[in-house]
Amino acid sequence: MFRLVLRFRDTVVEERTFDKIPVTIGRRDDNDLVVDNLAISGHHAVIEAEEPNYYVLVDLDSRNGTFLNGRKISRERIFDRDSIAVGKHVLLFRDLRPPEERPSRDDGQEGVGEAAGPGGGRMDDRMPPAEQQDEEMGVEPEEGVERPRRIELHGSLTITSGGVPEIIELNKRTTTLGKSKDADVKCSGLLVGRTAAIIEKRPNGFFLSYAEGAKKPEVNGQQVNSRVQLHDGDEVTVGGTRMTFNLSEKIL
């Protein structure tokens, strides 16, 4: 069992605990950990198991590479408190197994993880102390120590015309907009598709995508041909239905 703490700049975006492997990391929705950023490949990296009790980080021929503790890797064993960089995001790896079940960084490292960085010496010899890594990463501290702040995003749509005036909370992973009776947001208009648009809720924001129909959705008067990120106060138009997107943040 291990935990991945996903950070973007100074913000903890998401924390996930995994008890099964492999765990895939990438931009596409079919990954176990989705990192929605254009610098991330569709299937960027994977964490696998290696006998007898190692976790291994493998780069999946990603476009921009996978970095472990500041060094680009193709396949490398990983240990508690290691730092993984993918694109502009950083993941802190926390091994949640009992200490007696975790492998030591020095065990069986001949030919694995021994590569030297610039200036010589093993990379792990130049890593900052574990406590300093926690402070820099904003990782969840040990029991009794103040927990780092994490931002949770909340979105909603306020229908202003062309439909029943109401506020629709965007609590689902995907919210559908269109003429279908099953659509989460009913929209009017002859050229509007049954599912005209989809709003995806992701850890780093809300994204509106065109789905189908001759009349494409608009955001602030601009036609959406593929996908755009929504910002607080954006005006969304689907056919004859106009809505205002509202975004708020809650610090946990």
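Reply: The protein chain exposes about 13,400 Å², of which carbon and sulfur atoms supply 47%; accessible areas come from the Shrake-Rupley method with a 1.4 Å probe, and for residues only the protein chains shown count as cover. This is a predicted model, in which local features need pLDDT of at least 70 and side-chain atom pairs count only at pLDDT 80 or more, while totals for chains, interfaces and linings use all residues. Residues are numbered from 1 along each chain as its sequence is written, and side-chain values use heavy atoms, with hydrogens and water left out.

Of the 252 residues, 44% are buried, a term for under 20% relative accessible area, as against exposed for over 50% and partly exposed in between (1.4 Å probe, protein chains only). Where contacts (heavy atoms within 4.5 Å) link residues at least 6 apart in sequence, 42% of them join residues at least 24 apart.

Turning to the loops, the one between β2 (11–18) and β3 (23–26) holds P22. The peptide bond that joins I21 to P22 is cis, and its omega is about 5 degrees. Further along, P52 lies in the loop between β5 (45–50) and β6 (54–59). E51 and P52 are likewise joined by a cis peptide bond, with omega near 5 degrees.

Positive phi values in residues other than glycine come next. N69, in the loop that runs between β7 (66–68) and β8 (71–73), has a phi near 50 degrees. N69 is buried, its relative accessible area being 16%. R81 occupies the loop between β9 (75–78) and β10 (83–86), and its phi is near 80 degrees. With a relative accessibility of 17%, R81 also counts as buried.

As to confidence, pLDDT (the predictor's confidence in each residue, from 0 to 100) averages 83 over the protein chain, and 81% of the residues score at least 70. Across residues 108–148, however, pLDDT stays under 50, and the model has 71 contacts beyond four places in sequence for that stretch.

Key: Helices (H or I, at least four residues) and strands (E, at least two) are DSSP runs, numbered from the N terminus.
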